[in-house]
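Hi,

Here is the structure I promised to pass on.

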Amino acid sequence: MLEISVISIPFIDLQAQHRQISKETDAAIQKVMAHGAFIMGPEVGLFENELAEFSGAKHAVACASGTDAIALPLMAWEVKQGDAVFCPSFTFCATGEVISWLGATPVFVDIEPDTYNIDPDDLVRAIEETLRDGKLAPKVIIGVCLFGQAANYPKLREIADKYGLKLIADNAQGFGATLNDKHPSDYADAVATSFFPAKPLGCYGDGGAVLSNHSGLADLIDSLHVHGKAVAADLVGQIFDHDPKYYNIRVGMNSRLDTIQAAILLEKLKIFPTELATRNKVAARYCASLEGYVASVPFVKKEYFSNWAQYTIEHENRDGLRNHLSSLGIPCAIYYPVPMHVNPAYKRFAPAPGTLRVTEEKASRVISLPMHAYLDEETQDRIIDAVRSFNG
Ligand SMILES: *Cc1c(COP(=O)(O)O)cnc(C)c1O
């Protein structure tokens, strides 16, 4: 019997990146093995400094995951039961999950149809409705840099200021993204990012960081991510001659970035600007070749620079396209098939039917193609041809 075999390509080629930098990362890991400071070793502080510099923020606190990085500022602001935190429903579940951890209520907001990011007009509607309802106190807005493009942070900042709310940028997908040559940290009170391996800047395990220009907030987060340890500001006027980590001022958590991961990230950050440029080249080539063949190719606003965490197109027969690509050995991903407010864990927070119209429509149309900095033109063409050859 004749077997037709297709060679599968990876969705994100982490091995190709590793081949590029394995000498450096191996040496960096060996160095940590030799000095043995696996927790809070010198590489963690070095990485925090580099990270802050790269992202134009005054302070960076590395932590154990992107999820914790969103939770930490909420904890610092003592967000609690009875508080409303506004966020999109069209996002990875961690955005809304951490709100629920604290007993607060995620208020889901619709997205812009072209960028998939939180719609500022719908945000105002949601805030006004919450105020009229009078059951919850509006506290925080979380914007998400979905697929690598920053949300409209200037507008979100304006809205946050008008209503006296805090603003978090969930930058787990958006590290390196800018708008008007500025980073999300220029607008948001806190920026949460993730170093999950598949994110544009990933480590070899879990990791995350909070960036902020507010030194008071950074201090609080520094305390909270190590069990609420005393930080310098807590000890003013006191004599405490023991390790401040054994003097617990507040209820915190254990959310540290491993030294080994920091050492790896220091190496990866060096090649990150080149990777950003390459990802943009791949995206431009995809767009030029796929426009007109699918319902929509990604739209990046003027003055916005995307890191292309995902290359996401739309198709009326999305699942048909997915099966067609899969039969040709091309993996794709659906981000996200089920909006947060439709998921069993969060449907109790769902707004009235019809409120999140764009979100619900997009969930049935989006499909993301392989995207990374090591996607050569031959492989790009194979993917492009496969998409073009689908007539469903
Ligand atoms: C990946 C992701 C997170 C969570 O990051 P982890 O490091 O996996 O905890 C949060 N928000 C968004 C939008 C993400 O894509």
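Cys87 is buried, as its relative accessible area is 0% (buried means under 20%, exposed over 50%, partly exposed in between, with a 1.4 Å probe and protein chains only). Cys87 takes part in no disulfide, and the nearest cysteine sulfur, that of Cys93, lies 11 Å away; a disulfide here is a pair of cysteine sulfur atoms within 2.5 Å. Cys332 is in no disulfide either, with the sulfur of Cys287, the nearest one, 17 Å away. Searching the whole structure turns up zero disulfides.

Before the rest, a word on the source: this is a predicted model, where local features need pLDDT of at least 70, side-chain atom pairs count only at pLDDT 80 or more, and totals for chains, interfaces and linings use all residues. Residues are numbered from 1 along each chain as its sequence is written, and side-chain values use heavy atoms, leaving out hydrogens and water.

**The chain as a whole**

You'll find eleven helices and eleven strands in the chain, both being DSSP runs numbered from the N terminus (helices H or I, at least four residues; strands E, at least two). The C-alpha atoms fill a box of roughly 80 × 60 × 40 Å along the principal axes. Of the 392 residues, 55% count as buried. Among contacts (heavy atoms within 4.5 Å) with a separation of 6 or more, 72% come from residues 24 or more positions apart.

Cheers
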